Amino acid sequence: GRGLLVLLLSATVSLLGGLIFGYELGIISGALLQLQIDFHLSCFKQEVLVSALLIGALLASLIGGILIDRYGRRRAILVSNLVLLVGSLVLTLSRSFLGLVIGRMTVGFAISVSSMACCIYVSEMVAAHQRGLLVSLYEAGITVGILLSYALNYIFADVDEGWRYMFGLAIAPAAMQFLSILFLPVNPVKLNSWDSDCQKGLIQLQDVEDKAAGKHEPYKKDYSFLDLFRTRDNMRRRTLVGLGLVLFQQFTGQPNVLGYASKIFHSVGFQSNSSAILASVGLGAIKVVATLVAMAFADKAGRRVLLMAGCVVMAISVTTISLTSRVAPLAMARDCKAAADPNGSYSLTQHALTPLSSQSAVSPIPPALGAVRSQADPGFAATRSLTKVFTSTQSKEVVPDSSLTQERGFVGLSRRETVASAGPPFGGAPWAEHMVLNWITLLSMMAFVSAFSIGFGPMTWLVLSEIYPAGIRGRAFAFCNSFNWAANLLISLSFLDLIDAIGFSWMFLLYGLMGVMAVIFIYLFVPETKGQSLEEIDQQFSRKR
């Protein structure tokens, strides 16, 4: 009975950890609609506020690994819950822009430490045949958290200072995770409770031979950070595998492919207010289903199979989008500066770009939210755009806002605002001329979302939590995670410039090529770890296969 309790609590910790991560990444887009009015935020200040979470997460990636290895995974999760509580309170009670930035940085630090510690903790607490399922549950939590954040964005859109409720509600799942982990045993890696807990049946980790191996070398080795780059125990190859996975996760284009989700939905005929809601719910639901498929097959098909299959489908999808966009080009998003157009009549494509997790669901804000805010402030559409900030994470993706076309009359006359597509990029040719190609593009994007959620989304972090020895697992995971954040930022910020330089279709063709290279990399370097204990995986690497 207690063994089942540990299993259920481990699943709860994993799910809640992902839910908090997804919620914090998704909630900012809806909160910005109100914050930019309440605090009179310029485009630059909005970018700073969105980027603050990334800065905190990067800082956590640099020092969080030391915290996890030195003080234990369980304690790191507890501390991250307390830090998240502090950050959420700062955001909820904030009266200044500086307070908002500090709060978001604090929250970013907390969710980054929690994301690393949760994956490692759960991977060490459960049996080898359940590890894929329960670690992937973290990814499922992220998708649910993002969908929850957009639902609350919609609910609090008309509430005065509703952003305070949006930020404050993150306290609830953090408190639940804190209480759940209090009832779990301390990680056996950090204390000498391995024998007692396993023999009492509290942790159904390994068989007798594995426990005997666990008491010896793997859990008593001390490693320095520089050992990651040395040949000792084949650590250099492990580092190659970890960095390769997180970098290919970003270089296959997932932070940017979804930046045109709203336009693609409009192009196939969804012109009404329901368009962005459909994109939000539809893509989010597809992502949740795909993540559940990954959870079901992680311990059956194996990590390598899901990673390679996902990469193949992703490569085909972005290549298809590249080819169709040559015939039916997608309209480009305008930069924030375009909002300063002094002309009396103009249109502006809005994009509230929000980071989501690997790990993560793709959800444009329902256009009604933007319409409400535009009615509250005539200058709303002219002051809000974050096209240059595509920050994201562990499975982190870009979420486009709905397109708002604001038509203004002459001075003194009433204005009307409608939600519409940005229209064709040239010559006024109607989108309907390429309806078949537009549907192919839409289906390709859905296939890309599904493939990422089955492969790179959950599997990257599952493999990272398995391939390193216990003595350096926290630092190694954090090291790779920092490259994930940095690569994501680099790819995202260079996206528009690269499109200007080589064109949209060539950009996506390049993503397809990276997908092919990722398949080759996984085939050559990433071992299969399904059904193996952490000690067996460690020995497999140490043998320098």
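I count a pair of N or O atoms within 3.5 Å as a polar contact; within protein, one must be able to donate a hydrogen and the other to accept it. The model I am reading is predicted.

**Arg164**

I started with Arg164, which sits in helix H6, residues 162–168. I looked up its polar partners. The backbone oxygen of Thr92 lies 2.6 Å from a polar atom of the Arg164 side chain. For the backbone oxygen of Ser94, I read 2.9 Å to a polar atom of that side chain. Leaving out residues up to four places away in sequence, I find Arg164 touching Leu91, Thr92, Leu93, Ser94 and Arg95. Arg164 counts as buried because its relative accessibility is 12%, under the 20% limit.

**Helix H3**

Next I checked H3, residues 73–93. I find 21 residues and a reach of 30 Å from first C-alpha to last, close to the 30 Å expected. I listed its buried residues; among them are Leu91 and Thr92. Arg73, Arg74, Ser80 and Asn81 are also on that list.

**Cysteines**

How many disulfides does the rule give? I get zero. I took Cys118 as a case. Its sulfur is 6.9 Å from the closest cysteine sulfur, in Cys119. A bond needs the pair within 2.5 Å, so that distance is too far. Cys118 is buried, at 1% relative accessibility. Cys311 is buried too, at 1%.

**Lys45**

Last, I looked at Lys45 in helix H2, residues 43–71. Is Lys45 buried or partly exposed? I note partly exposed, at 33% relative accessibility. Lys45 and Val101 are 56 residues apart in sequence, and I read 9.4 Å between their C-alpha atoms.

How values were computed
Residues are numbered from 1 along each chain as its sequence is written. This is a predicted model: local features need pLDDT of at least 70, side-chain atom pairs count only at pLDDT 80 or more; totals for chains, interfaces and linings use all residues. Side-chain values use heavy atoms; hydrogens and water are left out. Helices (H or I, at least four residues) and strands (E, at least two) are DSSP runs, numbered from the N terminus. Buried means under 20% relative accessible area, exposed over 50%, partly exposed in between (1.4 Å probe, protein chains only). The expected span of a helix is 1.5 Å times one less than its number of residues. Contact means heavy atoms within 4.5 Å.
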